[in-house]
Amino acid sequence: MDFYFGLAQIIGVHALLGLSAYVVLLTGQVSLAQAAFFAIGAYVAGMLTVLTGWHVVPAVFAGAVIGAVVACAVGFPALRVKGLMLVIATLAFGEGVRLFFFNFDYQVSKGEVKLGPVGGEGFRQIRFFPENGWSTFEVMLFVWVFVILVMALLWWFDRSRYGSVLRAVGEDEIAAQAVGINLTAVKVSAMTVGGAIAGIGGGLYAHYTTHIEHASFNILVATFAIAYPILGGLASVFGTLIAVVFVQGVLVEGLRFMGDWRNLLFGALIILAMNVRPRGMLDERVLAWLKSLFHRKGSSGA
Amino acid sequence: MLELRGLSKHFGGVRALDGLDLDVREGEIFGLIGPNGSGKSTTVNLITGMYPSTAGTIRFGGLDIDPLQTHKRLQAGIARTFQNIRLFGQLTVWQNLWVAQNSPADRARSGFLARWIGGRAGVRAEITQLLEFSGLAHRADELAANLAFGEQRRLELARALAAKPKLILLDEPAAGMNAEEIADLDERIRQVRARGVTVLLIEHHMELVMAVTDRIAVLNFGQKIAEGTPAEVQNDDAVKKAYLGGGE
């Protein structure tokens, strides 16, 4: 059973990673920097619990705040460039952050052991959960509290005027400017919110794996982050979740029996999914259909 | 209300607009006409700040708006529509109007508390009124991309009005319309003015321009070649030459 709880943890954290890219993608920006904010959240939260003895909850929030601050700072210069240029700029930033952690040494002696990040070897012994006797099931619940909280907030946000403003910018920047929308403010805010969500995901990730290193935040992770919302569709936050379940649950774990063939099939299935559902697995049409189903049930019940 | 002085825009060696002086008075419907490539759309893009000007000044309501970005000019009271309609296709009709409420009054209202206290009713009433004005009340929840062409044009006009502008720039609103739709547009432009909005109409369709405008300026090769009432402009020799005598 622990295997499935562990899988649910992975799905939860990847959902946060995907949602962080979802917010940015709504404004039409493709950011490969989400893995970097994820890394910052992971290191900040990990160092706070291990080195200063914070509880994991404030540590995760601190990771989110630092992730947001860095994302905001990156947002201003990065969002002056568009399209492919932005992809390259955020990719460069992501690699920069990864290399920073590759060289980041900060160890503190605790009794006879030294704790903290050790450059390329990574940051071991982030043992808040085992030390406090949390079971895998409890950790999973903890992760999902954050996932549900973030999804609920984004769901509400999507339905507010701000959600429409983000989508308006994503659709047509020139028209958005012409109706009085401040492009820079909108894009930087989206980036900041994305940084916070990735930061939360990173903090949780650091604690359930107990060991992080620079390679956990490489370009592949950044690619996954934007692949989830694109694969799932931008019509709703649930698209991203469905894509994460599909990729992590079905493709990565479900195809494990295929051995080396898995990676090949993995790519092929993603291409197939994109061809069959070009606007994402959960697009506007499916959403409208689900809504009509719900309404019919509601009216017959009344 | 709107004063352009020596306004110029050069794209490399091309003088798309070359020293344009123009005064649009409050409450009038002002026509800007000219052959293709004469600088009409460039003028709109300069007034709304979508291009930086090469030279010259733009004053609006006595305020120098040259340093303002596009969204700030909208908040100052200048709205526009586009020659090739630019709606937010994947947003609903309602949402298209909602996101466009960016006047200073709207911004004050969209504060967190204000929105809960009574802003919502105001927003709803204004959007409903705009939907009725544009005959789209029954289409409020439709995606803008699914509207018919004429409906899209009407929605775009309503979206420009959603920010409660003082001046609206209509960039070829009659393009692609049939006679019936143009008659409807004529009526709509007058209604816009009746709401207290000054109109700068950029148009190719002469009948519409002659019928609806108070004054007209004619551009050719980026320069103003005539200005006056529709009757004066129609009898102007330079204008006849530009349109008939191989001006292009």
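**View 1. The buried residues of helix H4 in chain A.** Leu86(A), Ala89(A), Thr90(A), Phe93(A), Gly94(A), Val97(A), Arg98(A) and Phe101(A) are the buried residues of H4(A) (buried means 20 or more other C-beta atoms within 10 Å of a residue's own, with C-beta atoms placed from the backbone). They pack against helix H2 (34-51), helix H3 (56-78) and helix H10 (219-232) of chain A; a contact here is two such C-beta atoms within 7 Å. This is a predicted model, where local features need pLDDT of at least 70, side-chain atom pairs count only at pLDDT 80 or more, and totals for chains, interfaces and linings use all residues. Residues are numbered from 1 along each chain as its sequence is written, while chains are lettered from A and ligands numbered from 1 in the order in which they are written.

**View 2. The length of H4(A).** With 20 residues (83-102), this helix should span 28 Å at 1.5 Å a residue, and its end C-alpha atoms sit 29 Å apart, which agrees (the expected span is 1.5 Å times one less than the number of residues). Helices (H or I, at least four residues) and strands (E, at least two) are DSSP runs, numbered from the N terminus.

**View 3. The open sheet of chain B.** Six strands line up as S6-S7-S8-S3-S9-S10, with mixed pairing; to pair, two strands need at least two DSSP bridges. S6 (78-80) and S10 (223-228) of chain B are the edge strands, each pairing on one side only.

**View 4. S7 beside S8 in chain B.** Five bridges join S7 (167-171) to S8 (198-202), and the two run parallel. Leu170(B) has Leu201(B) as its bridge partner.

Notes. A residue is buried if 20 or more other C-beta atoms lie within 10 Å of its own, exposed if 12 or fewer, and partly exposed in between; C-beta atoms are placed from the backbone.
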